[in-house]
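Subject: A structure for you to look at

Hi there,

Here is the structure I promised to pass on. Have a look around the ligand first, and then read my notes below.

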Amino acid sequence: MDQITFHYDTVLSDVHMLLPNARHLMTHLNHVGQPVFITKFKILSDPERNDDSESKKDGEKDRNVFQGKDGEEGGNGNLEPFLDEDGDLNITHRPRKTPTEGSSRDMACPIILKQSSTELELEDENTKEEADECFKDIIRIEHTMATPLEDVGKQVWRGAFLLADFILSEPVMFRGATVLELGAGTGLTSIVMATVAKTVYCTDVGDDLLSMSKRNVTLNRHMMEPAGGEVRVRQLDWLKNDLCTDADVDFSWTEEEVADIYDNTSFIIAADVCYDDDLTDGLFRTLYRLCSNFTHTCTIFISLEKRMNFTLRHMDISCEAYDHFSQCLSQIQDLVDGRCSFSVEKLPCNFAQFFLYERIEHLELWKVTATPLPSVQIRSDAELRPS
Ligand SMILES: C[S@@+](CC[C@H](N)C(=O)[O-])C[C@H]1O[C@@H](n2cnc3c(N)ncnc32)[C@H](O)[C@@H]1O
C-alpha cells in the first residue's frame, strides 16, 4: 500500500481522535483510495447515563470518553484525568493485550481487511437477526479519518452527537415527523432521528459520501425498523437552486419526495455545517428558500462547535466562522419579506448525554422557527425559490 500522506489541509475529528484504546482496523479503501473504518457508537441506557452524571459532578467525565471501534467494547468509563496542572495531555496507556489474550493482532497502524467493492459487502458480516440481537443499542458507522476539507462529511463530528442527544431527549417532539437533514455526512444523526421520526431525508453532496451514508443506513436499519422510521439518502447542494429530479442521476429526488418535503417537513436539522463563510451563506439561502415555500411552521435545529483559533488579524483567539454564522442568524431574524418570519433562540445544552463524547462548552445548539405569513402561496414544483 502507498504511504498515507497528510496534506496541510487534512483535518481529523476529535470524535475519532479520542479513541486511545481502539484498534484502527481498516475495512476497505473507498473509491478515492481513502481508508474506511467502522466505529460502533453505543447509545447509553438509563443506568449508564446516571452513572455518567455522577462522574460528571466530579468534573472528570467530559475529558475522558471512548467509543468502541471495530469490535472493541467502547464506553468503558476509563476515567483518568487527561490533563496535568498545566493543561498538557497526560495519557495513561492501558496495557495492550498480548496475542494470546484473545486477539492475534496488536497493531498501531491500519491494515487492510478487504478492498473496496461497489456491493454492500458489509451486510454479509451479520445476518439481520444477528444484527438485531448484537447491535440493539449500537450504531455502526462507516467513516474515514483525517480527510481533506472537502471530505469532512466522511468523519463524524461532535455536533452530530449533540444533535443526536437532543433528539433522543425529546422523542415526543419528533415522533412520526418528516425531517430533512442538511449536510448529514455519514448519516449518524439521520439514523438516530429515524428511531423516532417517520421519514428522514438525509442529504449532502457527492456520490462517494452519499454512498457511504446509504451504507450506514443499511448497517443500522435494525434500529429504525421497530419504530417504522425510514431514512432516504438524497443529494441537496446548498449552492444550487433546485432539487435534482433526473431519475438517471444517483441520489436524485422523485416528484413525490419533493412534494413531501414542501408539504410535510416539520423539522430541518443540521450538525456542524458552519465552517466556511460561502457554505454558511449557501446553507442559509437554502433554509430561506425551503421555509419561505412552506405553508406550515418549520423548526430548524443547528448544532455547531465554536472552533477558536489565534489570528494575526485579531491578535487574539477568535472564531471567524462562528462570527459569520451569528451574522447569518441575525440577518434571517431581521428579514422582512412578507412571506415568512424567523425567530432565533440558543438552547441550553443541559439535556441528557446518550453518546460518549466530550460535551465541551463550545458546542452549541440553535433553534430557528420559521413561520409562514398568511399570504404565502404554495409551490409544489422541484424549484427552490431563488433569493
Ligand atoms: C463537518 S461536516 C458535518 C457532517 C455531519 N453533519 C456531522 O456532524 O458529523 C459538514 C458537512 O457539510 C456538507 N456540505 C458541505 N458543502 C455542502 C453543500 N454545498 N451542500 C450540502 N452539504 C454540504 C459536507 O459534505 C459535510 O457532510
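The ligand is surrounded by 21 residues, and the closest are Trp157, Gly183, Asp204, Asp237 and Ala271. Please keep in mind that this is a predicted model. Sorted by class, the shell around the ligand holds 14 nonpolar, 4 polar and 3 charged residues.

- Tryptophan 157: a polar backbone atom lies 3.0 Å from an oxygen atom of the ligand.
- Aspartate 237: an N or O atom in the side chain lies 2.9 Å from a nitrogen atom of the ligand.
- Tryptophan 238: a polar backbone atom lies 3.0 Å from a nitrogen atom of the ligand.

How much of the ligand's accessible area does the protein cover? On its own the ligand has 590 Å² of accessible area, and the protein covers 95% of that.

Now for the space around it. The ligand sits in the second largest pocket, which has a volume of about 1000 Å³. This pocket is lined by 42 residues, and Leu149, Val152, Asp272, Tyr275 and Leu279 are the closest to its centre. Helix 6 (188-193), strand 12 (309-311) and helix 11 (320-334) are the elements that each give two or more residues to the lining. By class, the lining of the second largest pocket has 21 nonpolar, 9 polar and 12 charged residues.

Enjoy exploring!

Best wishes

Key. Residues are numbered from 1 along each chain as its sequence is written. This is a predicted model: local features need pLDDT of at least 70, side-chain atom pairs count only at pLDDT 80 or more; totals for chains, interfaces and linings use all residues. Side-chain values use heavy atoms; hydrogens and water are left out. A residue is near a molecule or strand if one of its heavy atoms lies within 4 Å of it. A polar contact is a pair of N or O atoms within 3.5 Å; within protein, one must be able to donate a hydrogen and the other to accept it, and residues adjacent in sequence count only if both atoms are side-chain atoms. Accessible areas come from the Shrake-Rupley method with a 1.4 Å probe; for residues, only the protein chains shown count as cover. On a 1 Å grid over the protein atoms alone, a cavity is a set of points where a 1.4 Å probe fits but cannot get out, and a pocket is an open set with protein on both sides within 12 Å along at least five of seven lines; lining residues have an atom within 4 Å of a point. A molecule sits in a cavity or pocket if more than half of its atoms lie within 2 Å of its grid points. Ala, Val, Leu, Ile, Met, Phe, Trp, Tyr, Cys and Pro count as nonpolar, Asp, Glu, Lys and Arg as charged, and the others, Gly among them, as polar. Grid points are joined across faces, edges and corners, and a volume is the space filled by probe spheres set on the points. Helices (H or I, at least four residues) and strands (E, at least two) are DSSP runs, numbered from the N terminus.
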